[in-house]
Amino acid sequence: MGEFEVHRVRFFGLVPAGVRCLAWQPRSARLALARTDGTVEIYNFAANYFQEKVIPGHDARPVEALCWAGADRLFGAGLGGAVTEYDLARLSTSCSVDGGGGPIWSMAANGSGTRLVIGCEDGSIKLFQVVPGGIQFERNLDRRKGRILCLSWHPSDSHIAAGSIDILRVLDVCSGQTVQRIMVNYHVQKVQRECVVWSVVFLASSTIVTSDSFGRVQFWDWQRGTLVESHTVSTSSALSLAVSEKEDSIIVGTSTGATYQLQLLPVRVGSLEKRWVRTKPFQHHTHDVRAVVHSGTALISGGLDAQLVIRSLMEKVQKKGYEAALRKFTFPHRRLVSCARKARLLLFQFTQHLELWRLGSTDKTGKDGEVLPLRSMPEHLVQLKSKGPEHIYCSCVSPCGSWIAYSTASRFHLYRLRYEGDSISIAKVPKVPKLLLPAYQLQFAADSGSLFVASAQGSIHILQLLEPGGCKHLHTLRPPSETPEAVYLLAVSADGRWVAAVGGDWAIHIYSLKCFKHHCTVPTYSCAVTALAIHPVTNNLVIAYADQQLFEFSIPEQQYTAWSRMVQNCGLHRLWLERDTHITHITFNPKNPSHILLHDVYMFCVLDKSLPLPDNSALLLNQSTLKQLPETARQRQLHAFKICKKFQPLLFADLLDENCLVVVERPVMDIKTQLPLPVQQKKFGT
């Protein structure tokens with residue numbers, strides 16, 4: 001594997017926002033997730049749970065509810081009082097309609113996806129029709145006092161259940177009138193505090209299920225207005241509910257971080273009579289579980305601890321192996337760190353500001369694993385704050401460290417930095433071409449002489465950077481066929497001859513920078529691209545896909561390389577393919593052309609193309625484990641994959657030079673210390 005001097009960076013103070021709501025689309029196997037800062041993310045379960053799209057948040061547009069409607073159209077609503085449709089191709093909002101009832105607390109789509117209903121702060125319940133290009137107000141339903149915290153349609157679309165404080169109502173959609181009103185605490189004597197109905201589900205059997213601030217899951221016969229069953233699952237609030245498609249299983253999220261499964265089971269073996277039974281508790285979160293989803297094969301939960309947890313249902317899984325693995329996602333599947341190799345600087349991207357740091361240095365040497373004393377400490381050089389409510393889409397620092405660029409939804413900024421001894425000056429570049437908006441990905445050339453800006457409809461704008469601090473538009477590259485999808489990954493060759501781009505349609509286009517023309521398209525592969533890079537010596541494009549496959553494509557020859565064909569014929573190791581974290585960055589060591597360096601959140605790997613691939617009988621050992629084996633055993637484990645799991649969670653890794661590596665970690669415990677205190681629970685022995 002070779003030895004590196006490693007800069008181990010832990011001062012990136014990223015704190016991911018908590019999960020506020022989830023929406024499941026079974027037809028396309030996609031999950032929409034909204035965070036407390038307004039960011040919306042799309043996870044593709046068919047592509048190994050890859051986070052394929054991210055729509056950055058907006059301070060004036062917090063999201064309280066998400067739902068899918070129509071043909072894979074995504075809508076959100078929140079305390080800003082508007083219903084927003086998201087453009088999943090351009091990664092932005094496409095239209096917004098004011099709800100007319102103040103802050104919106106809840107929203108739901110009917111089974112056919114043709115109508116939306118929203119619940120507002122003023123107690124109003126409003127019905128909208130989903131039409132081409134947006135939504136259209138249809139009517140107001142019966143209004144009562146009190147904010148509407150949750151809504152659910154009956155599967156027949158004939159009635160709507162609405163929950164608020166102390167009250168559960170059922171409304172007839174045709175007449176718009178309340179046909180049943182239930183006081184959820186009528187059966188409890190001497191209640192001293194109000195009961196908040198946090199979530200509601202309307203079953204086809206005309207049973208309504210509610211979860212409330214008393215920690216109860218209750219089943220109601222809405223026609224009689226009576227309580228059928230009640231299960232106390234928590235000593236604090238039961239915040240969220242979701243039911244399976246067959247309506248025989250329910251998942252409940254609580255404010256203690258625990259989730260519970262209730263199942264509809266026969267009272268006795270062979271009996272036709274069934275009752276709801278609390279069967280499985282899970283403690284995968286530390287804070288409020290504000291959102292849950294029940295897919296056909298898994299229980300999905302999102303908490304204020306920023307974790308998305310996917311737990312497979314064992315009875316639905318054919319093999320008790322990789323398919324049954326518990327998956328936790330905390331960090332984004334994209335890079336928030338960029339590196340200026342020559343200047344040894346790191347740029348950290350936060351939601352509304354950037355931080356530029358200079359790495360520390362040492363003049364000492366030592367043995368493997370030894371911590372070296374620093375001659376100079378890491379230095380925080382610059383903090384750039386983004387004005388306005390929009391969050392940052394993307395950012396980048398040039399290899400020489402003299403340029404910084406970032407973009408929001410409506411603004412693109414370019415800055416020129418100058419270093420004079422220990423002082424630094426920064427100036428904003430004026431009159432940046434407006435055709436750049438919006439920018440989805442930024443990449444500087446290796447010589448820092450130009451900037452590549454990924455834009456909408458698969459286009460790439462090229463800016464020439466001018467001294468002492470200016471820029472001009474040089475050219476715009478466009479794919480051979482029109483596409484509405486935005487480019488989300490860029491790779492530029494070190495010699496400045498080629499650029500590769502990946503859009504939301506997963507097509508990889510390669511352009512020649514000598515004649516500014518489309519060169520070729522990489523053969524289509526039916527999975528999302530998670531990372532790609534161009535080798536500085538051979539100009540081969542190395543591609544990592546969401547299903548953990550690796551390909552190498554020769555750009556000059558416009559075909560896969562012999563090594564890539566060998567990999568596909570022999571196959572990668574089973575344990576490599578069963579990893580549930582995606583490769584997010586690829587780089588190379590120019591002094592060792594056969595080495596490919598790549599990493600995900602939990603490992604850093606040097607892939608040596610000169611060595612044979614391991615077969616499934618070999619062990620993919622961590623390098624620290626491999627060193628403890630006898631020499632003969634190490635020789636038997638000699639293969640292409642050299643894996644290091646010392647640095648976790650790993651947000652970024654790159655080579656500064658042939659002997660120096662920088663890694664950026666963000667320990668989960670450091671994040672949890674910055675979260676609000678969770679609900680205190682009495683534990684045995686305390």
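I looked for cavities and found seven of 30 Å³ or more, where a cavity is a set of points on a 1 Å grid over the protein atoms alone at which a 1.4 Å probe fits but cannot get out, and a volume is the space filled by probe spheres set on the points, joined across faces, edges and corners. I note that this is a predicted model, in which local features need pLDDT of at least 70 and side-chain atom pairs count only at pLDDT 80 or more, while totals for chains, interfaces and linings use all residues. Residues are numbered from 1 along each chain as its sequence is written, and side-chain values use heavy atoms, with hydrogens and water left out.

The largest cavity holds about 90 Å³ of space, and its lining residues (an atom within 4 Å of a point) include Phe 331, Arg 334, Asp 600 and Leu 651. For the second largest cavity I noted about 50 Å³, with Glu 485, Asp 505 and His 509 among the residues that line it.

I then turned to helix α1, residues 562–570 (a DSSP run of H or I, at least four residues), whose buried residues, under 20% relative accessible area with a 1.4 Å probe and protein chains only, are Trp 563, Ser 564 and Val 567. Seen down the axis of α1, these fall within an arc of 100 degrees, taken from the directions from the axis to the C-beta atoms, so they line one face of the helix. On the face turned away, I found the exposed residues (over 50%) Ala 562 and Asn 569. After α1 comes Gly 571, with a positive phi near 85 degrees.

Methods: Helix = DSSP H or I, 4+ residues; strand = E, 2+ residues; numbered from the N terminus. 1 Å grid on protein atoms, 1.4 Å probe; cavity = no way out; pocket = protein on both sides within 12 Å on 5 of 7 lines; lining within 4 Å.
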